[in-house]
Each structure stands twice: as C-alpha cells, then as structure tokens.
Amino acid sequence: MRLLDANSIRYDVHHYDKSIRDAQQVAGAVGFAADEVFKTLVAEVPSSRKPLLVMLPSNRQLNLKRLAKALGEKKVALASHADAEKLTGLQVGGISALALLGKSWDVYLDRRAEALERIVISAGQRGIQVRLETGALIKLLGCELVDMGDA
C-alpha cells in the first residue's frame, strides 16, 4: 500500500479471514464478484527456469498452453505452492505483483481486466486485498495483457 501511496494511486482496502485460501471464497469474503477479484499465480518457463507472475480472475483457471503460446514458448508450468513461496518470499494467498515490483518479475494480466474499471488484488499479505483502477495498475506494473484463462 506504501507503493500505491507513493505513486498517488487511489485504492480501497478490504480485509478477510486469513484462513481462507480459495480465491473465489476471498471474492465472497470481500464482497466483490469473482471476476473482479484477481488471483496471482507463479509460473515458470521450464527451458529458462525464469519465473513470472500471472494475474487472472478468481473464477478462472490458468490455461498453460494459451499462456505459453502468448509468450512464444513451448511450455509454461505452474509453480508448486512451496516453490512459489520460495521464489517470491511471500506466502501463498498473499503473493502480490505490487510486493514484487522492484524484483524484475515479468507480470501478465488476463485480458478480461481491460473491461473492468477497477479490480481487486492481493496487497501482499494474506487477509488483505486492495481495489484499484485497472489502468493505474497496468501502468504501475508495466504488465502485459494476455488471454490465458479458462472458465
């Protein structure tokens, strides 16, 4: 949130029970539709072992083949929870592109976000979400919009 403040980006904070791990349940707990609450997953390109962040609506599943095609790669793999925590230094459920901004991560945002004025994402800690303007988030993160989610 300090990063958002430093960049004069307006946001709302929403708290939920830290024991909730499912992204769709988080959406319900903070009072927003599942397609407005975006989860952040850690994926890797096996050929280079390069990790990346992918953000997609909580009610969508990551389509690894579609993501690989968009990246021009043969294959992309989802990191295990343990690997995601090791790579990011953050707990699963609290992984946030905002918390990793200065760490040179490539960030990919599901194209569905374009249709939303504001989205809800992790604030970098379990139990806290922030709602902010989608355009401001895209500009701040320098993320690439990609079609990568399945129903």
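Strand 2 and strand 3 (residues 50-57) pair in the antiparallel sense over eight bridges. The model is a predicted one.

**Exercise 1.** Describe the turn between strand 2 and strand 3, and find the bridge partner of valine 45.

Solution. Start with the connection: the two strands form a hairpin with four residues between them. In that turn, arginine 49 has a positive phi of about 60°. Next take the pairing: valine 45 has lysine 50 of strand 3 as its bridge partner.

**Exercise 2.** Determine which element gives the largest share of the lining of the largest pocket.

Solution. The largest pocket holds about 610 Å³ of space. Two or more lining residues come from each of helix 2 (23-30), strand 2 (38-45), strand 4 (61-62) and helix 4 (81-88). Strand 2 gives the largest share, five residues. The lining has 28 residues, with Arg21, Ala23, Lys39, Thr40 and Leu41 nearest the centre. By class, 14 are nonpolar, ten polar and four charged.

**Exercise 3.** Characterise the second largest pocket.

Solution. Its volume is about 210 Å³. Among its lining residues are Met1, Leu98 and Ile128. Helix 1 (2-6) and strand 7 (118-125) each give two or more residues. The lining divides into seven nonpolar, two polar and one charged.

Conventions. Residues are numbered from 1 along each chain as its sequence is written. This is a predicted model: local features need pLDDT of at least 70, side-chain atom pairs count only at pLDDT 80 or more; totals for chains, interfaces and linings use all residues. Side-chain values use heavy atoms; hydrogens and water are left out. On a 1 Å grid over the protein atoms alone, a cavity is a set of points where a 1.4 Å probe fits but cannot get out, and a pocket is an open set with protein on both sides within 12 Å along at least five of seven lines; lining residues have an atom within 4 Å of a point. Grid points are joined across faces, edges and corners, and a volume is the space filled by probe spheres set on the points. Ala, Val, Leu, Ile, Met, Phe, Trp, Tyr, Cys and Pro count as nonpolar, Asp, Glu, Lys and Arg as charged, and the others, Gly among them, as polar. Two strands pair if DSSP finds at least two bridges between them.
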